[in-house]
Amino acid sequence: MGDNNNSSRNRKSDQQANAWYDQINDAQPFDAFSSEAQKMRIGNEIYDRIQQDISRKRQRFLLPLKIAAAILVLLINSALVYRYFHRPASHERPVMWMTVTSGANELKKITLPDSSIIHLKSNSRICYTAAFRTGTERSVQLEEGAAFFDVKKDASRPFTVHSKGFLIRVLGTSFNISAYKDQPDFKVDVVSGRIRIEHSGGSGIKVLAEEMTKDQCLTVDLATTDYKIEKKTVSPVVKPKAVVRQLTLQQIGQELGDRFNLFVQLNNPENDTSTYIVDLNNRSLEAILKTLSEQTGFSYTIVNQQHLIIQPKTSDHME
């Protein structure tokens with residue numbers, strides 16, 4: 001279409017030029033312009049036609065560049081939109097985990113970033129994030145063993161403990177968890193405050209306790225997943241039935257810690273590696289400690305009704 005219009009304009013220009021040429025009298029001196037106004041008008045027409053030809057050629061040349069530029073802008077905008085909706089939040093940074101492990105007869109006190117305290121019992125392992133971020137939960141993983149948790153209250157950052165498929169949610173409280181791999185049960189008992197306990201299994205997430213309060217104890221049979229929640233008590237039972245076992249002092253300390261909700265510290269365990277025939281069931285803590293002290297020669301101290309320190313007999317007392 002554009003080429004046809006150009007041809008029509010060219011023919012019209014030729015016709016105008018021929019008509020103008022026929023009007024010229026060859027006998028007269030040649031004068032291309034009859035006046036200055038005519039000269040200016042023709043000059044302007046020639047200039048306008050030249051500019052139109054230049055503009056048409058420029059547009060044909062620039063069209064591919066304009067298309068390429070439009071495609072480039074579209075690609076850049078698409079990339080910016082993708083980055084905007086898929087960018088990580090400004091506060092997100094790589095999460096660093098800390099791992100603490102206690103050996104045999106070793107007890108460790110851990111202070112978390114929020115000032116909560118964990119007393120890690122022997123042969124245990126726990127992981128926690130190096131920093132608790134604002135607006136996120138404070139997450140801890142008890143991978144093996146047992147620990148006592150004294151959690152600082154913070155309603156904006158719930159405290160969660162993951163262990164063996166169980167999830168314990170708290171705001172501010174203190175409680176014990178026992179999750180040794182060689183024990184058939186998973187145990188949680190509350191010292192203060194309130195906690196919620198869930199279990200994740202093949203059938204999904206099951207709530208075991210909407211709310212457990214002070215002195216309540218949850219026991220789960222890991223083989224059958226049967227569980228019970230009981231009121232924890234250390235009251236002596238009338239006419240106790242003796243259950244005698246042969247245990248090391250370390251095993252005795254672990255048994256007492258689990259049964260009476262204690263953080264047990266065994267000092268200098270290398271001083272006593274013997275085994276003792278003892279009965280730890282159906283008796284009060286004071287009665288058990290008194291009997292064991294007479295039998296084994298160790299001394300003991302109870303701090304704040306939660307911390308039991310056992311000092312084995314020294315080599316000077318051994319004969």
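This is a predicted model: local features need pLDDT of at least 70, side-chain atom pairs count only at pLDDT 80 or more; totals for chains, interfaces and linings use all residues.
Residues are numbered from 1 along each chain as its sequence is written, and side-chain values use heavy atoms, with hydrogens and water left out.

**Overall picture**

The secondary structure of the protein comes to four helices and 18 strands; helices (H or I, at least four residues) and strands (E, at least two) are DSSP runs, numbered from the N terminus. Of the 319 residues, 29% count as buried. Buried means under 20% relative accessible area, exposed over 50%, and partly exposed in between (1.4 Å probe, protein chains only). Among the contacts with a separation of 6 or more, 47% come from residues 24 or more positions apart, where contact means heavy atoms within 4.5 Å.

In H4, the residues Leu285, Ile288, Leu289, Leu292 and Thr296 are buried. They cover an arc of only 95 degrees around the axis, which puts them on the same side of H4; the arc is that of the directions from the helix axis to the C-beta atoms. The face turned away from this buried side carries the exposed residues Lys290 and Glu294. The cover over the buried residues of H4 includes helix H3 (249-260) and the strands E16 (275-279), E17 (299-303) and E18 (307-311). After H4 comes Gly297, whose phi is positive, near 85 degrees.

Phe298 is found in the loop between H4 and E17. Leaving aside neighbours within four places in sequence, Phe298 is in contact with residues including Leu289 and Leu292. Phe298 and Gln311 are 13 residues apart in sequence, and their C-alpha atoms are 5.5 Å apart in space.

**Aromatic pairs**

The structure holds three aromatic pairs, two of which are described in the table. Rings of Phe, Tyr and Trp (its six-membered ring) pair if their centres lie within 6.5 Å; planes under 30 degrees apart count as stacked, over 60 as edge-to-face and the rest as tilted.

| Pair | Type | Centre to centre | Between the planes |
|---|---|---|---|
| Phe166 and Phe186 | stacked | 4.1 Å | 5 degrees |
| Phe298 and Tyr300 | edge-to-face | 6.3 Å | 70 degrees |

Phe166 lies in strand E7 (residues 166-170) and Phe186 in strand E9 (residues 185-192), so their pair ties together parts that are 20 residues apart in sequence. Phe166 is buried at a relative accessible area of 3%, and Phe186 is buried at 1%. In the other pair, Phe298 is buried at 2%, whereas Tyr300 is partly exposed at 27%.

**Nonpolar cores**

A nonpolar core is a set of buried Ala, Val, Leu, Ile, Met, Phe, Trp, Tyr and Cys residues joined through side-chain atoms within 4.5 Å. The largest has 31 residues, and those with the most contacts inside it include Phe149, Ile168 and Ile177. Strand E5 (residues 138-150) gives the largest share of this core, four residues. Not counting residues up to four places away in sequence, Ile177 touches Phe149, Ile168 and Phe186, among others. A second, separate core of 18 residues includes Phe260, Val264, Tyr276 and Leu280.
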